[in-house]
Amino acid sequence: MEVIFNQEKITTRAATLSELIAERLPDTKGIAVALGNTVIPRTQWPETPLTDQAVITVIRAIRGG
């Protein structure tokens with residue numbers, strides 16, 4: 001299926017948000033993930049299914065000010 005991952009169209013075999021994040025990001029510390037306009041709690045990633053053309057945005061916290 002094709003999804004939009006951080007504004008880039010990609011092809012994936014991942015069925016869930018958790019699988020997609022594991023496939024794309026080796027380090028998940030300090031990230032938040034939104035599906036469409038909804039931030040998905042980390043505990044719900046394994047049970048959140050992906051659909052074709054889903055829009056996933058990953059936000060990484062950074063230090064500084």
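**Close-up views of a predicted model**

**View 1. Thr48 sits in the loop between strand 4 and strand 5.** The model is predicted: local features need pLDDT of at least 70, side-chain atom pairs count only at pLDDT 80 or more, and totals for chains, interfaces and linings use all residues. Residues are numbered from 1 along each chain as its sequence is written, and side-chain values use heavy atoms, with hydrogens and water left out. Helices (H or I, at least four residues) and strands (E, at least two) are DSSP runs, numbered from the N terminus. Thr48 has a relative accessible area of 10%, so it is buried. Buried means under 20% relative accessible area, exposed over 50%, and partly exposed in between (1.4 Å probe, protein chains only). Leaving out residues up to four places away in sequence, Thr48 touches Ala15, Thr16, Leu17, Leu35 and Ile40. A contact means heavy atoms within 4.5 Å.

**View 2. The whole chain holds one helix and five strands.** From the N terminus on, the elements run β-β-α-β-β-β. The radius of gyration is 11 Å, close to the 11 Å that the globule rule gives for 65 residues, so the chain is as compact as a globular protein of that length. That radius is taken over C-alpha atoms, and the rule is 2.2 Å times the number of residues to the power 0.38. Buried residues make up 32% of the 65 residues. Of the contacts with a separation of 6 or more, 52% join residues 24 or more positions apart.

**View 3. Five strands form an open sheet in the order 2-1-5-3-4, with mixed pairing.** Strand 2 and strand 4 are the edge strands, and each pairs on one side only. Neighbouring strands are turned by 35° against each other on average, direction ignored. Strand 1 and strand 2 pair in the antiparallel sense over four bridges. Two strands pair if DSSP finds at least two bridges between them. Glu2 has Thr11 of strand 2 as its bridge partner.

**View 4. Helix 1 (residues 17-24) has the buried residues Leu17, Leu20 and Ile21.** Seen down the helix axis, these buried residues fall within an arc of 95°, so they line one face of helix 1. The arc is that of the directions from the helix axis to the C-beta atoms. An α-helix has 3.6 residues a turn, so residues three or four places apart point the same way. The buried residues of helix 1 pack against strand 1 (2-5), strand 2 (8-11), strand 3 (31-35), strand 4 (38-40) and strand 5 (55-60). Axes are lines fitted to C-alpha atoms, for helices over the stretch in contact, and angles run from 0 to 180 degrees between N-to-C directions.

**View 5. Thr12 lies in the loop between strand 2 and helix 1.** Thr12 is buried, at a relative accessible area of 5%. Its contacts are Met1, Val3, Leu20 and Glu23, not counting residues up to four places away in sequence. A polar atom of the Thr12 side chain lies 2.9 Å from the backbone nitrogen of Ala14.

**View 6. Gln7 has a positive phi of about 70° although it is not a glycine.** Gln7 is placed in the loop between strand 1 and strand 2. With a relative accessible area of 79%, Gln7 is exposed. Gln53 has a positive phi of about 70° and is not a glycine either. Gln53 is in the loop between strand 4 and strand 5. At 36% relative accessibility, Gln53 counts as partly exposed.

Terms used. A polar contact is a pair of N or O atoms within 3.5 Å; within protein, one must be able to donate a hydrogen and the other to accept it, and residues adjacent in sequence count only if both atoms are side-chain atoms.
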